[in-house]
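Here is a short tour for someone meeting this structure for the first time. Keep the 3D view open and follow the headings in turn.

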Amino acid sequence: MHDQEAQLRIAVPNKGALSEAAASLLLEAGYRQRTDRKDLRLFDEENGVEFFYLRPRDIAIYVGEGTLDLGITGRDLLLDSGAEAVEVKGLGFGRSRFRFAGRDGLRTVDELDGRRIATSYPGLLKRYLDERGVSARLVHLDGAVESSIGLGVADAIADVVETGTTLRKAGLAVFGDVILESEGVLIRRHGFDGGPAFDHFMKRIEGVRVARNYVMLDYDVPEAALEQASSLTPGLESPTVSPLSRQGWYAVRAMVPKTQVQGLMDQLWDAGARAILSTDIAACRI
């Protein structure tokens, strides 16, 4: 028993790529995380949050049943579960595509009518096929579905594709449209409004996302080039501009996308800016 009741009860993946990414996100957001992988729950007393470490595939079920308030899982797992949990936002990690693959000869989804399809995501796949009027026999496998065609169990597969290397080794090729673009997502139980604890949690998570994708850019610029330089770095609202003791010069500070910073520094230099510095952002509230 805890001295106080948790304001939020959150499910976190206990293994796999989603587990590491989720733990890193929560740590950066200022929440405690387990140090022993055998721990199944952890109470962060300072923040009033209790974390439960569960199989990624089970998280949507627990949240959907109302047992837990929030959870981090894959969009593919959420949709496959059919649970009454609601996606709150994508988290930008664990990105993958859910696609069909098979031997040469299969080109369209319509050609799968009457055929056998091996998958680890029968719920997700059935809804996709039903929406397109395709009737196929689904072969539910827990993993390594790419072996099913060679072993005569299926005519095609539907699975998560990251690089496609495993499929090529099995002599398979993707076909048809992408079934689903998946990533790690934050989900909530149906009817959960959260209150202040949830609002703080969301601001922290969004703050980490922004901090990961932006840097702070500082530079000095002469007055004649100030307008041009400011247009290159408009910031989220507007850049901060302060006069320097050197007559006719200004110091400018603005947040810029991390992926664009090197190109922006080149453009600022060409415009006349000097002492251009890029600094990582540890945390923020936007």
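## The model

This is a predicted model. Every value below is computed from it.

## The five-stranded sheet

Start with the open sheet of five strands. Its order is β8-β7-β9-β6-β10, and the pairing is mixed. The edge strands are β8, residues 137-140, and β10, residues 173-182. Each of these two pairs on one side only. On average, neighbouring strands here are turned by 25 degrees against each other, direction ignored.

Look next at strand β7, residues 116-119. Strands β7 and β8 pair in the parallel sense, over four bridges. A118 stands opposite V139 in β8.

## The four-stranded sheet

An open sheet of four strands has the order β13-β14-β12-β15. Its pairing is antiparallel. The edges are taken by β13 (240-243) and β15. Each has a single partner strand, so one side of each is left without a neighbour in the sheet. From one strand to the next, the twist averages 15 degrees.

Now take the pairings one by one. Four bridges hold the antiparallel pair β13 and β14. There, S242 has A251 of β14 as its bridge partner. Strand β12 (residues 214-222) runs antiparallel to β14 (residues 249-257), and nine bridges join them. L217 stands opposite A254 in β14. Strand β12 is also joined to β15 (residues 274-280), by five bridges and again antiparallel. V215 faces D280 of β15 across this pairing.

Which strands do the helices touch? Helix α7 packs on the four-stranded sheet and touches β12, β13 and β14. The direction of α7 makes about 155 degrees with that of β12. Helix α8 packs on the sheet too, touching β12, β14 and β15. Its direction makes about 165 degrees with that of β15.

The two helices also pack against each other. Helix α7 covers residues 223-232, and α8 covers residues 261-271. Their axes lie 10 Å apart, at an angle of about 175 degrees. The two are therefore roughly antiparallel to each other. On the α7 side, the contact is made by A225, Q228, A229 and L232. On the α8 side, L264, Q267, L268 and A271 take part.

## Aromatic rings

The model has six aromatic pairs. One of them joins Y31 and F51. Their centres are 6.0 Å apart, with 75 degrees between the planes, and the pair is edge-to-face. Y31 lies in the loop between α1 (17-28) and β2 (41-44), while F51 belongs to strand β3, residues 49-54. The pair therefore ties together parts that are 20 residues apart in sequence. Both Y31 and F51 are buried.

Y31 has another ring partner, F201. Here the centres are 5.5 Å apart and the planes stand at 50 degrees, so the pair is tilted. F201 sits in helix α6, residues 195-213, so this pair ties together parts that are 170 residues apart in sequence. The relative accessible area is 4% for Y31 and 1% for F201. Both residues therefore count as buried. Ring pairs link Y31, F51 and F201 into a cluster.

## Charges over rings

Two arginines deserve a look. R34 lies over the face of Y53, at 4.3 Å from the ring centre. The charged end of R57 sits over the ring of Y121, 4.9 Å from its centre.

## Two buried residues

Is F100 buried or exposed? F100 is buried, with a relative accessible area of 0%. This residue is found in strand β6, residues 96-102. Leaving aside neighbours within four places in sequence, the contacts of F100 include V109, L112, I117, L125 and Y128. I157, F175 and I179 are also among them. For a sense of scale, the C-alpha atoms of F100 and G263 are 39 Å apart in space. In sequence, F100 and G263 are 163 residues apart.

Finally, find S148 in the loop between β8 and β9 (156-161). S148 counts as buried, at 3% relative accessibility. Not counting residues up to four places away in sequence, S148 touches A118, L141, V153, A154 and I157. A118 is also the residue that stands opposite V139.

Terms used:
Residues numbered from 1 in each chain as written. Predicted model: local features only at pLDDT ≥ 70, side-chain atom pairs only at ≥ 80, totals over all residues. Heavy atoms only, no water. Pairing = 2+ DSSP bridges. Axes fitted to C-alpha atoms, helices over the stretch in contact; angles between N-to-C directions. Phe/Tyr/Trp six-rings, centres within 6.5 Å; stacked < 30°, edge-to-face > 60°. Buried < 20%, exposed > 50% of the residue type's maximum accessible area, 1.4 Å probe, protein only. Lys NZ or Arg CZ within 6 Å of the ring centre and 35° of its normal. Parallel < 35°, antiparallel > 145°, perpendicular 65-115°, else oblique. Contact = heavy atoms within 4.5 Å.
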